[in-house]
Amino acid sequence: MYPDAYKELTPVVYGEKAVKKLPIDLGPHQTCIVMHWHERIELLYVYEGELILQIGDRPFTVKAGQVGIVNPCQLHAIRTEEHAVRFDALMFEIAHFCNDTSATRQHLEPLHRMDVALVNVTDDPEVLDSVKRLVCLLDDEQAPALTAIGEVYRLLGWLTQRCCTAPRAVHTTDKKFGTVLQYINQHFTEPLSTCQLSRLFSYNEAYFCRQFKRLTGLTVSAHLRILRMEQAQNLLRTTNLGIAAIAARCGFTDPEYFTNCFTRQYGCSPTAFRRQ
């Protein structure tokens with residue numbers, strides 16, 4: 001499992017239709033969602049422009065007329081590059097749609113257990129048609145809740161039939177590696193290297209790097225950068241410390257490099273973030 005530092009803790013209120021719809025508009029070079037994971041599934045239906053769906057360290061471009069898919073417990077972020085984007089984020093819990101029928105046991109429970117995964121981008125016409133139907137039902141306050149729930153089953157049927165990939169293996173790890181992640185989460189403001197970490201925990205360095213990437217979807221340096229950026233964001237919100245002092249507290253020896261990293265991550269400078 002990914003480290004708790006990435007886990008989204010804010011609960012989602014789904015309502016009687018069991019799906020949350022969030023409309024989002026972003027300009028160019030904006031970060032909408034920073035790197036995180038959660039147990040629900042999310043579908044990102046793009047109307048105009050394009051967004052970058054970052055899954056681990058792999059970026060996917062989702063264009064108008066396509067759907068981005070975030071599997072349960074999949075580390076991800078959302079941003080834009082040159083193009084603005086308008087999209088709906090649809091989210092729901094697969095577990096809410098599992099029951100004692102053979103169909104859900106065969107198709108939905110493996111998806112909920114993460115034994116299988118869905119592709120991260122699709123323009124399958126049946127999936128798109130079902131997503132559009134679901135959006136209309138969610139927007140219509142008079143639409144019966146059971147009709148919307150029925151459309152979710154229709155959508156899941158097309159997703160599991162058309163968009164399934166090879167089995168996932170996100171939970172396979174040794175117990176000692178959990179200690180590695182805990183150590184990094186506690187010491188991320190200190191100078192850390194893969195050489196140092198692999199020696200500290202008695203790993204071969206090449207194996208350590210492969211295992212870390214396999215389990216988190218990120219390199220060690222990317223993982224450290226995200227933790228440091230989250231800490232910087234918190235300090236900018238809650239303290240009056242100067243930028244250089246915040247950079248030092250987050251493990252950056254060069255304030256200019258810190259500012260560049262922060263701007264790439266969040267689409268604005270630390271100073272602009274603090275003003276906002």
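Let's begin where helix H6 starts: there, a side-chain oxygen of Asn204 comes to within 3.0 Å of the backbone nitrogen of Ala206. Helices here are DSSP runs of H or I with at least four residues, strands are runs of E with at least two, and both are numbered from the N terminus. The model is predicted, so local features need pLDDT of at least 70 and side-chain atom pairs pLDDT 80 or more, while totals for chains, interfaces and linings use all residues. Residues are numbered from 1 along each chain as its sequence is written, and side-chain values use heavy atoms, with hydrogens and water left out.

H6 itself covers residues 205-216, 12 residues in all, and spans 16 Å from its first C-alpha to its last, close to the 16 Å expected at 1.5 Å a residue. Its buried residues (under 20% relative accessible area, with a 1.4 Å probe and protein chains only) are Phe208, Gln211, Phe212, Leu215 and Thr216. Looking down the axis of H6, these buried residues fall within an arc of 105°, so they line one face of the helix. The arc is taken from the directions from the helix axis to the C-beta atoms.

Another buried residue is Thr122, with a relative accessible area of 7%. Thr122 sits in strand S8 (residues 121-122), and a polar atom of its side chain lies 3.0 Å from the backbone nitrogen of Asp124.

On a 1 Å grid over the protein atoms alone, a cavity is a set of points where a 1.4 Å probe fits but cannot get out, whereas a pocket is an open set with protein on both sides within 12 Å along at least five of seven lines; lining residues have an atom within 4 Å of a point. The structure holds one cavity of 30 Å³ or more. The largest cavity has a volume of about 30 Å³, and its lining consists of Glu50, Leu51, Ile52, Arg79, Thr80, Glu81, Glu82 and His83. Strand S3 (residues 41-55) gives the largest share of that lining, three residues.

The second largest pocket holds about 460 Å³ of space. Of its 21 lining residues, the closest to its centre are Gln54, Arg79, Arg225, Arg264 and Gln265. At least two lining residues come from each of strand S2 (31-36), strand S6 (76-79), helix H7 (220-238) and helix H9 (255-266), and H9 provides the largest share, four residues.

Key. Expected span 1.5 Å × (residues − 1). Buried < 20%, exposed > 50% of the residue type's maximum accessible area, 1.4 Å probe, protein only. Polar contact = N/O pair within 3.5 Å; in protein donor to acceptor, adjacent residues only side chain to side chain. Points joined across faces, edges and corners; volume = space filled by probe spheres on them.
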